[in-house]
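Dear colleague,

Please find below the structure that I am handing over to you. A short account of its salt bridges follows.

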Amino acid sequence: MVAVAILRAFGAKGPLWLRRGPWAQLPARFCSGDLAGAGRRESDPRPTSARQLDGIRNIVLSNPEKRNALSLAMLKSLRSDILRDAESNDLKVIIISAEGPVFSSGHDLKELTEEQGRDYHAEVFHTCAEVMMLIRNHPVPVIAMVNGLATAAGCQLVASCDIAVASDKSSFTTPGVNIGLFCSTPGVALARAVPRKVALEMLFTGEPISAQEALLHGLLSKVVPEAQLQEETMRIARKIASLSRPVVSLGKATFYKQLPQDLEMAYYLTSQAMVDNLALRDGQEGIRAFLQKRKPTWSHEAA
């Protein structure tokens, strides 16, 4: 039943959570989870690291020397970390953070010179779009933990996450216009996170906004002092991890499905989802536990 419910919520056929656009002809190994080495030499260190404990996967952008630029290798490594065991009940929430004073400086401009060629440029932006859509379509919530500057595609990554917690020293900018490369793809995520006029001012001027401004405009969920950033992010992640994965997955899918709809269709879709939710084993367990005044025991099972 949860499979039907999530398929309804995404309005898609095929894998339960991975929705492919008409232009996204993905390789057969795309869902294999064995992508860690794609796009890099064996001698190169992985540009991301990942560890998982108690249902929380921490993915870290680990190339501070290059300001955690979203190179093709970084994007493929991030994609692998997001995809790995995505449908496992052991995974409840993902946190994306970064080493060093820059969360991410965006695309590696050395990869965008004419020497690389149009096909390589297309692969960079195609892969970046894949990663951003994977975050949106992933069955578990994805949290950005930001401590420092998030620029261009780095800002896009923050805007694409379901929740974003930042330190008060963080800032956000889409400065591509200043170097002759308008931030069109970052603008997709940005325009869906902040009001249009705020997005356009950022895109047209390239000027940064502070963490407090980003919070005011809806780019962030919360701003905390730097010393409290990890504690607060983990508090949110642990709360999510303590809940039923099928219920949260259905809820996330339904939220994004209804968002662009008119009011009538939004209520139709969410009413269907509520009925499907009640048919889940954990849906009934939660209601029984509430009525019996006890803590629920989640099965995390699909039916």
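**Salt bridges in the model**

Glu301 and Arg281 form a salt bridge, with their closest N and O atoms 2.5 Å apart; the term denotes a side-chain nitrogen of Lys or Arg within 4 Å of a carboxyl oxygen of Asp or Glu. Arg281 belongs to helix 11 (281-291) and Glu301 to the segment after that helix, so the contact ties together parts that are 20 residues apart in sequence. Helices (H or I, at least four residues) and strands (E, at least two) are DSSP runs, numbered from the N terminus. Glu301 is partly exposed, at a relative accessible area of 37%, and Arg281 is partly exposed as well, at 42%.

This is a predicted model, in which local features need pLDDT of at least 70, side-chain atom pairs count only at pLDDT 80 or more, and totals for chains, interfaces and linings use all residues. Residues are numbered from 1 along each chain as its sequence is written, and side-chain values use heavy atoms, with hydrogens and water left out.

A further salt bridge joins Glu285 and Arg294 (2.8 Å, N to O). Here Glu285 is buried, with 9% relative accessibility, whereas Arg294 is partly exposed at 33%. Buried means under 20% relative accessible area, exposed over 50%, and partly exposed in between (1.4 Å probe, protein chains only).

Lys169 also forms a salt bridge with Glu226, at 3.7 Å between the closest N and O atoms. Across the whole structure, the search finds 11 salt bridges. Arg46, Asp81 and Arg84 are linked in a network of such contacts.

Yours sincerely
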